[in-house]
Amino acid sequence: MTESDIHYQVIVVGAGPAGLAMAYLLDQHKINYLVVDQSNQIGGLYATLHPELELLSPARFNSLPGVKFSSDNARVSVASYHDYLKFYAQKFPLNSRFDTHINNIKYENSRHILQTTCGEVLRCKSLVIATGMTCFPKPLPWNGSFEKVDLHTGVQWKGIDYYKNKRVWVVGSGTSACELAALLVGHAELTLLVNKPVKPVPLYFAGINIHYWVRPLELISKKLYPGICKHDYLEPVIDTGIKDAMRRKLLTIVDIADTEFVSGKLFKGEGDEVLCVDPEVIINCTGFHFDTSIVGETLDYEANRMIKLHKNCSDKDKRLYFLGFPCSGGIDSKFLRGIKRDAYRIIKQIV
Ligand SMILES: Cc1cc2nc3c(=O)[nH]c(=O)nc-3n(C[C@H](O)[C@H](O)[C@H](O)COP(=O)(O)OP(=O)(O)OC[C@H]3O[C@@H](n4cnc5c(N)ncnc54)[C@H](O)[C@@H]3O)c2cc1C
């Protein structure tokens, strides 16, 4: 193991939108920092999503601190948002290191000690975890063999042409599953496999994008249910066409409760009833684990391994912060709009 002598005031793990926002603010405050990312480029999720997909949030909510993305209310493509992130990183060059995977973090002598997969050790006083939510997809609900099936997650969407005229199963009942299913309607032989009823909320309410309503809703719901955002958060299924498709019966919806997948067939219960057969493609949209294992030794856990967070901070003494995770600072913390607010909150605590 090589021991790096370089000590940073702050290390940010992750160079997605959250890491970029944090780096900008650290730079503005002349704080000596390093951003590390396991991939070879900036942009996180937006460097990997298919460029034809669109963000659900209105353009004006997608700005990071320092450079306005747009003042428009329209949705934008992943491609144009990724261009914005690249422009951002050019305008404010990062002190960064790519192809650097952090696999363990310890806390000793008032320093966070980060171990990279190549065996290097980095040290810092304050640590910001901005690793996003998509590195740990949840597994499919069945143990069957999927050898002959092209199985991938929703974030690995391959573009509409790829799925044309194929038997496609989309597994999940959240926004991503419903959004991809809505895109596939009329193109593929489509089955949506759900573990709970799909209850879409409109993308626009009173003519205004749903993302505007999150904060007023948060105030109301916190009054009605103070536990919200401590252990739970609202995750409505945003309707980008699924409601209409369901009403017009343009797709098959199957409840996966109590099912088994064997030899290309989905059986109900003890194997009597066959629900659907022979998928060519399965898109797993069952969600992601909020994995905190890299900082496992450092964290202060509540029951059920929930992290105690206050204003994105896990432990004031250890100066350990989380940015870009659901409810780390508020209901919209995992969205770009929340990331911007939370990055300002963290910098106030760091300086
Ligand atoms: C399909 C989908 C659509 C979405 N659409 C929207 C939307 O329209 N609007 C919106 O506001 N939000 C949306 N979101 C939420 C989205 O999570 C945020 O917009 C944003 O991507 C979060 O940025 P981030 O920097 O926190 O994480 P990411 O963009 O995921 O970046 C995390 C980075 O951390 C790196 N990393 C992870 N682990 C390690 C490690 N151990 N060592 C080193 N590097 C590591 C990864 O390589 C990655 O580059 C969407 C999410 C998904 C999944």
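The chain has 8 helices and 20 strands; helices (H or I, at least four residues) and strands (E, at least two) are DSSP runs, numbered from the N terminus. The model is predicted: local features need pLDDT of at least 70, side-chain atom pairs count only at pLDDT 80 or more, and totals for chains, interfaces and linings use all residues. Residues are numbered from 1 along each chain as its sequence is written.

**Exercise 1.** Describe how the two domains are placed and how they touch.

*Solution.* Step 1: domain 1 covers 3–135 + 288–350, and domain 2 covers 150–199 + 236–284; these bounds come from an automatic or database domain assignment. Step 2: their C-alpha centres are 32 Å apart. Step 3: 8 residues of domain 1 are in contact with 5 residues of domain 2 (C-beta atoms, placed from the backbone, within 7 Å).

**Exercise 2.** State which residues surround the ligand, and explain where the ligand lies relative to the domains.

*Solution.* Step 1: the ligand is surrounded by 32 residues, and the closest are Gly-14, Gly-16, Gly-44, Gly-132 and Gly-324 (a residue is near if its C-beta atom, placed from the backbone, lies within 6 Å). Step 2: helix α1 (residues 17–28) supplies the largest share of this shell, 3 residues. Step 3: domain 1 and domain 2 both give residues to the shell, so the ligand lies between them.

**Exercise 3.** Find what share of the chain is buried.

*Solution.* Of the 351 residues, 39% count as buried, that is, with 20 or more other C-beta atoms within 10 Å of their own, C-beta atoms being placed from the backbone (exposed: 12 or fewer; partly exposed: in between).
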